[in-house]
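I opened my notebook to get to know a new structure, one look-up at a time. Come along and check each entry against the picture.

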Amino acid sequence: FFFDADSCETGTETFYDAIRDMADGSLEKSRLNQPTKATPLPWKQVLSIGFTLLINHFSILVVFPLLPFMVSDFFPEVPKEQLGYRVGYLASTFFLGQLLASYVWGWASDRMGRRPILLLGLLGTSVSVILFGVSTSYSYALTMRFLWGFLNANVAVCKAYLSDILDHSNKGMGFSMFGFQAALGRLLGPSVGGLLSHPTEKFPALLRYIPLLQRFPYLLPCIVAAVLGLTALVCTYLFLPEVPRRESPQAVDDEEASCVMDNVQDRAVAAHDRRPSSGRLSSMLRNRGVLVTSFLFSLLGFAHIGFEEIFPLWLLTDPSHGGFNFHEGMIGALIGITGPVQLLTQFMVVPWVVTKVSYKAGFQLAMAMFGVAIALAPLASLANHSKYTNMPILAGGLVYMAVNIPAEAAYTYVFVLVNDAVDGPMCGRANGISQTMVSFVRMIGPAMWGSLFAWSDSQTLDFPIDFRFTFLLISATALSAAAFAESLPSHIGAKSSA
């Protein structure tokens with residue numbers, strides 16, 4: 001073969017095709033010869049990553065039940081039904097920070113290694129959560145939430161690390177760690193947040209020993225999160241080895257060769273269905289697999305953050321507005337008690353599903369169940385008319401499980417899809433791109449969903465333009481993700497072999 005370096009065009013054959021044919025030949029051959037049994041999990045690394053994820057989810061979720069009450073303290077004159085606007089903005093700033101930093105952290109993990117970036121992320125989380133806990137004004141809380149998101153590099157880098165150490169036969173079990181730790185975080189975080197907020201009112205003896213807690217009523221749960229974060233930092237430093245860096249078989253450093261590959265990829269339709277030829281941002285953003293998987297992750301994140309945002313607001317509102325009038329302790333306990341069921345499903349059901357169907361089909365099934373569950377969720381308010389006093393709590397718990405179990409399963413499947421879209425040395429950047437996209441929708445999501453819920457809850461119109469309107473829109477988002485997954489390239493998300 002030969003090529004004209006000035007025009008970046010080839011003659012009878014391109015440099016790109018030669019490299020791609022050789023690489024694809026070996027890669028496809030290895031995929032066709034998948035092992036009949038799953039490769040044993042490297043449990044030491046998986047558990048270390050799992051602990052990091054647990055602390056990350058715990059620190060985020062420990063403050064979620066508190067946000068409406070913190071904002072209510074900042075604005076005591078605002079009715080409960082109108083808190084959604086300001087609560088949404090406070091939640092959104094965290095994801096604004098992630099939006100600006102996610103790709104940088106992913107790129108840095110590809111260049112510098114996963115381990116040092118994880119250590120920085122854990123340190124940033126621990127410091128930021130303490131600073132958030134001493135908030136005395138709404139503007140200060142907004143600033144600290146932004147800093148918290150900017151310094152939080154944990155999730156994207158954890159996904160890249162797992163992709164480095166797992167193969168296709170054990171990714172289902174390995175990536176289920178995300179859902180497992182999210183469920184465990186939900187079991188512990190909201191419960192601790194609800195129990196330890198305003199501690200001097202619940203435990204008056206603390207006022208004698210730690211008077212600071214009266215001035216900062218939300219500091220104690222943040223201190224717990226920070227201590228756990230520092231513990232995870234030490235464990236990561238001691239027990240998590242760095243993954244040996246690998247060179248991509250498609251990586252070519254020569255500028256002329258790179259120009260040839262990019263030129264041919266632009267002109268060849270089939271190239272969009274392949275993995276990106278280089279780790280350059282322009283190459284990855286033109287790749288269909290990277291874009292589709294990142295968009296699916298974004299739709300899931302947009303729908304799920306909507307549910308997480310409106311669920312406590314819904315429970316907080318008066319029964320006359322379709323809510324339950326729960327207090328913060330009840331909300332935290334309700335969210336926490338659903339955790340054990342989610343733990344079981346993540347380790348028993350989620351990996352099993354992808355031994356029967358592909359990861360794509362598993363994602364579609366989970367998103368369809370998510371969409372149906374949240375559309376039916378408002379029916380739980382009928383429990384307020386029951387003669388059994390515990391029925392509203394039971395109904396709220398069932399809603400939370402019915403929505404979050406398929407949502408967490410969908411996260412597991414979409415994480416595998418994102419990492420399937422690229423070769424190993426590019427996983428950090430691919431996860432950085434997907435995390436950036438999902439951070440954008442999570443940034444606008446809480447403010448949008450919270451404001452929409454506050455608006456719809458204040459309306460006197462009939463169904464569907466009442467408090468149920470927001471639930472229906474979130475459901476439509478989830479169902480659209482299930483449908484859009486059909487556009488995935490065929491090489492992404494094959495069925496697990498075990």
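Predicted model: local features only at pLDDT ≥ 70, side-chain atom pairs only at ≥ 80, totals over all residues.

**Entry 1: Ala182.** I looked up what Ala182 touches and, leaving out residues up to four places away in sequence, found His57, Leu61 and Glu408. Ala182 is found in helix α8, which spans residues 171-196. Is Ala182 buried or exposed? Its relative accessibility is 1%, under the 20% cut-off, so Ala182 counts as buried. I also checked Ile55, which is 127 residues from Ala182 along the chain. The C-alpha atoms of Ala182 and Ile55 are separated by 9.4 Å.

**Entry 2: Ser298.** My next stop was helix α15, where Ser298 lies. With a relative accessibility of 5%, Ser298 counts as buried. Which residues does Ser298 touch, not counting those up to four places away in sequence? I noted Met437, Val438 and Val441.

**Entry 3: aromatic pairs.** I then asked for aromatic pairs, and a search of the whole structure gave 20 of them. I picked Phe297 and Phe415, whose ring centres are 5.4 Å apart. Why is this pair called edge-to-face? The planes of Phe297 and Phe415 stand at 85°, and over 60 degrees counts as edge-to-face, so the pair gets that label. The pair links distant parts of the chain: Phe297 belongs to helix α15 (residues 288-316) and Phe415 to helix α20 (residues 391-420), 118 residues apart. Phe297 counts as buried at 1% relative accessibility, and Phe415 counts as buried at 5%.

Entry 4: I listed some of what Trp314 touches beyond four places in sequence, including Gly322, Phe324, Pro378, Val399, Phe453, Phe467 and Phe471.

**Entry 5: two helices.** I read that two packed helices are described by the angle and the distance between their axes. For helix α21 (residues 427-457) and α22, the axes come within 8 Å and cross at roughly 145°. On the α21 side of the contact I wrote down Trp449, Leu452, Phe453, Trp455 and Ser456. These meet Phe469, Thr470, Phe471, Leu473, Ile474 and Thr477 in α22. How many of the contact residues are nonpolar, polar or charged? I noted eight nonpolar, three polar and no charged.

**Entry 6: charges over rings.** The charged end of Arg86 sits over the ring of Phe75, 4.5 Å from the ring centre. Arg145 lies over the face of Trp148, and there the distance to the ring centre is 5.2 Å.

Conventions: Residues numbered from 1 in each chain as written. Heavy atoms only, no water. Phe/Tyr/Trp six-rings, centres within 6.5 Å; stacked < 30°, edge-to-face > 60°. Helix = DSSP H or I, 4+ residues; strand = E, 2+ residues; numbered from the N terminus. Buried < 20%, exposed > 50% of the residue type's maximum accessible area, 1.4 Å probe, protein only. Lys NZ or Arg CZ within 6 Å of the ring centre and 35° of its normal. Axes fitted to C-alpha atoms, helices over the stretch in contact; angles between N-to-C directions. Contact = heavy atoms within 4.5 Å. Nonpolar A, V, L, I, M, F, W, Y, C, P; charged D, E, K, R; others polar.
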